[in-house]
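Here are some points to read alongside the structure, written for someone who has not looked at it before.

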Amino acid sequence: MSAFVEIDGVSLTYRGATGDVPALAGTTLSVARGEFAAVVGPSGCGKSTLMKLVTGLVPPTLGRVALAGQAVDGPVKLAGMAFQNPSLLPWRNVRDNVLLPLEVVEPHRHRFRAERRQYKAQADELLATVGLAGFAERFPWELSGGMQQRVSLCRALIHQPALLMLDEPFAALDAFTREELWCVLRDVWHKIGFTVILVTHDLREATFLSDTVHVMSARPGRIVTSRLVDLPRPRDLAICYEPDFTAIVHELRSRIAEVRQA
Amino acid sequence: MNKSADRSEMLERLSPLLFTAGMFLLWEAVCRLFKVDPFILPAPSEVFAAMVQYWRPVLRHSYVTLWTTMAGFAIAVAFGIVLGLIVGWSRVIYRGLYPVMVGFNSVPKVAVVPVLVIWFGIGEVPAILTAFLISFFPIVVNVATGLATMEPELEDVLRALGARKMDIMLKVGIPRTQPYLFASLKVAITLAFVGAVVSETIAANAGLGFLMTQAGSNFQMPLVFAGLMALAIEGIAMYALFALIEKRMTRWAFRSSMSAAG
Ligand SMILES: Nc1ncnc2c1ncn2[C@@H]1O[C@H](COP(=O)(O)OP(=O)(O)OP(=O)(O)O)[C@@H](O)[C@H]1O
Ligand SMILES: [Mg+2]
């Protein structure tokens, strides 16, 4: 497997009015094409910063970031992103929210008017896969938090991105909805096979979904452990209660406890 | 359907009328009871009689004030939106222009009227310009605020798709300034009205401000008050119109903030 995302010895220091904040120091990480990677670590260690680096929204102070063999030196123009806050546009209905990326990203933006009907069908199909069939014409305020998060996920996926960046997308949801959305994400990933980098605080979530879990140190962050999750796929929620699974979760937990102490 | 709920809703609808009528009754009673000199404070009955008697000049001057206000307001809206978008577009422009605008806004516009008269002579032009100068500021501030308070995460989502700044403005920035803009219009129209009348009072040969100054120097107190009444009616009508337009145009903003609060 060739590395799709490569972060090589990257440091990043935020310049602020009250002094410089070193957010990342010597982070090295690589994610293969089609891999599901999770990043966990103590709060404020630079996980969100890492996401911005990979997507080219901020440049590194030191080191090199590359995507598909190309050095990243500006916004990458292809990544789908979703955050803890769904941040949907309240004046657009669900379908038009999902279609937003197609109005922006190449090459769809030039075809958008001409092929609107086909895109609409595509959006409705995607909404159906996350369990939102029949909600396309509703407005965001008519949806529950979990439903809004599904829409946000669809918006991140509609242009079939090669790279999906998720920053604590399920953190604000209740346990049942969260587990349901794990399965949604798992199924979409199996079906389309894009590369995912998922930032999360939930170690069970990281273990259940990913191929590799990367543990970051406290700020300034760097990757201290990369744990391969060699559980068989496709995984079912029942796996969360098996000893192999819990062993990995415990291992990760103690690793994070260590880095927080350090 | 609940009868007592119906009645309380009725009462709520009628209450503005009831309170207005009550105020006039109280005013009338005070004037009669204490035998107030109509030269100091005419009773409402006398004011209304004067309105009926002088309806032609009152109507004619009301019309002049109405159109000068509207003309100044229209310029303020066009100018305010453009300047607001420019100011909200870039931090540098925002930083540079803000103190200038605050300084400009804190100059009492009455002080500007004599200058305008020297430039444009006595008449409608100074009234229009005063209305414009006094009312554009809240529009600029609100439009700029609408742009500046855009969720950074949404901006990240779009930038990671390769959106240009113009895309972000068109898809997100400008639509989301709408409720801010419409909220500012009802403030701005009242200010424009004040500006027009102030200018007419100082230097004009038509308009309600002019009418009242004239009537005052001729000691026609009931006519002065008839002018005041016409001002109040016109002011309320314009405010109500823009409040209604606001409600109509930005329904989604009311809904979504309601759901966010719930
Ligand atoms: N725009 C910024 N300017 C200055 N400092 C910043 C900025 N963004 C983040 N930081 C700092 O960089 C550090 C890492 O921030 P980051 O948001 O990447 O953490 P995180 O791991 O995502 O935290 P959390 O788990 O709480 O979301 C923090 O200490 C934060 O104070
Ligand atoms: Mg974060």
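1. A polar contact is a pair of N or O atoms within 3.5 Å; within protein, one must be able to donate a hydrogen and the other to accept it, and residues adjacent in sequence count only if both atoms are side-chain atoms. By that rule, six residue pairs are in polar contact across the interface of chain A and chain B, both residues at pLDDT 80 or more.

2. The model is predicted, so local features need pLDDT of at least 70 and side-chain atom pairs count only at pLDDT 80 or more, while totals for chains, interfaces and linings use all residues. Residues are numbered from 1 along each chain as its sequence is written, chains are lettered from A and ligands numbered from 1 in the order in which they are written, and side-chain values use heavy atoms, with hydrogens and water left out.

3. At the interface, 25 residues of chain A are in contact (heavy atoms within 4.5 Å) with 20 residues of chain B. The buried area is about 2,200 Å², and carbon and sulfur atoms give 69% of that; buried area here is the accessible area (1.4 Å probe) that two parts lose on being put together, summed over both. Of the area that chain A buries against chain B, A:Trp91, A:Val104 and A:Trp141 supply 31%, more than any other three residues.

4. A salt bridge is a side-chain nitrogen of Lys or Arg within 4 Å of a carboxyl oxygen of Asp or Glu. The whole structure has 19 of them over all chains, and three lie across the interface of chain A and chain B. In one salt bridge, between A:Lys52 and B:Asp156, the closest N and O atoms are 3.9 Å apart. A:Lys52 lies in helix H1 (residues 47–54) of chain A and B:Asp156 in helix H7 (residues 152–159) of chain B, so the pair joins two chains. Helices (H or I, at least four residues) and strands (E, at least two) are DSSP runs, numbered from the N terminus.

5. Are the two partners of that pair buried or exposed? Buried means under 20% relative accessible area, exposed over 50%, and partly exposed in between (1.4 Å probe, protein chains only). A:Lys52 is partly exposed at 29%, and B:Asp156 is buried at 10%.

6. Within chain A, A:Arg116 forms a salt bridge with A:Asp96, with the closest N and O atoms 3.2 Å apart. This pair links distant parts of the chain, 20 residues apart: A:Arg116 is in helix H4 and A:Asp96 in helix H2 (residues 94–99). A:Arg116 is partly exposed, with a relative accessible area of 30%, and A:Asp96 is partly exposed at 21%.

7. The largest nonpolar core has 53 residues, and those with the most contacts inside it are A:Leu164, A:Leu166 and A:Val196. Another core, of 47 residues, lies apart from it and has B:Phe24, B:Phe193, B:Val197 and B:Met229 among its members. A nonpolar core is a set of buried Ala, Val, Leu, Ile, Met, Phe, Trp, Tyr and Cys residues joined through side-chain atoms within 4.5 Å.

8. Helix H6 of chain A (residues 175–192) has several buried residues, including A:Leu181, A:Trp182 and A:Trp189. Among the elements covering the buried residues of H6(A) are strand S7 (163–167), strand S8 (195–199) and helix H5 (145–157). At the start of H6(A), a side-chain oxygen of A:Asp174 comes to within 3.1 Å of the backbone nitrogen of A:Phe176. Just after H6(A), A:Gly193 has a positive phi of about 75°.

9. Which backbone features deserve a look? Most residues other than glycine have a negative phi, and most peptide bonds are trans. The peptide bond from A:Glu106 to A:Pro107 is cis, with omega near 0°, and another cis bond joins A:Arg219 and A:Pro220, where omega is about -5°. A:Ala68 is not a glycine but has a positive phi of about 50°; A:Ala68 sits in the loop between strand S4 (62–67) and strand S5 (70–71) of chain A. B:Phe219, also not a glycine, has a positive phi of about 60° and is exposed, with a relative accessible area of 58%.
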